[in-house]
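Below is a short note on the model you sent.

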Amino acid sequence: MTHLEEHSLPYMDKALPDAWKAATTFASASTGLSSAEGEIIKIRVSQLNGCVFCLDLHSRQARKLGVPQQKLDLLPAWRESTLFSDREAALLAVAETATTLPLSEDSKADLHAARSALGQEAFVSAESAAPTIHIF
């Protein structure tokens, strides 16, 4: 075992396969989001968390689902880009807010605007998808 392996966190899919299956089933069962929207959320959260494994996995998944490479390239600057729809911007605002707690006044305003733009079902789906990626 290398030094890195000794100090790495265990992989949930190996240590608790039943929990891993339940978590991935829950994450994929979110209603109110398309598969591509779910992947965009996962990529943005993975960027904020700095998870190379998740970035690689979800970027590949997003491309398979037809998300353009340019959109993936500009994801860190989504607020300044006109490439993202109002719905995608709202989903990303929810994902970032769920990832970068505590809430600031700006993030509270983002959440209020996102809830109005998305409706309850998509808002809750986005809000639950963001922290779910943390356990993977």
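1. This is a predicted model. On α5, the exposed residues V52, F53 and K64 sit on the face turned away from the buried side of the helix.

2. The buried residues of α5 are C54, H58, S59 and A62. They lie on the same side of α5, because the arc they cover around the axis is only 120°. "Buried" here means a relative accessible area under 20%, and "exposed" means over 50%.

3. What do the buried residues of α5 pack against? Their partners are α4 (35–49) and α6 (69–74).

4. The length of α5 was checked against its residue count. The helix takes in residues 52–64, which is 13 residues, and at 1.5 Å a residue it should span 18 Å.

5. Of the contacts with a separation of 6 or more in the protein, 64% are made by residues 24 or more positions apart.

6. The protein has 136 residues, and 35% of them count as buried. Its accessible surface is about 8,400 Å². Carbon and sulfur atoms account for 57% of that surface.

Methods: Residues numbered from 1 in each chain as written. Predicted model: local features only at pLDDT ≥ 70, side-chain atom pairs only at ≥ 80, totals over all residues. Heavy atoms only, no water. Helix = DSSP H or I, 4+ residues; strand = E, 2+ residues; numbered from the N terminus. Expected span 1.5 Å × (residues − 1). Buried < 20%, exposed > 50% of the residue type's maximum accessible area, 1.4 Å probe, protein only. Arc of directions from axis to C-beta. Contact = heavy atoms within 4.5 Å. Areas by Shrake-Rupley, 256 points an atom, 1.4 Å probe, with all protein chains shown as cover.
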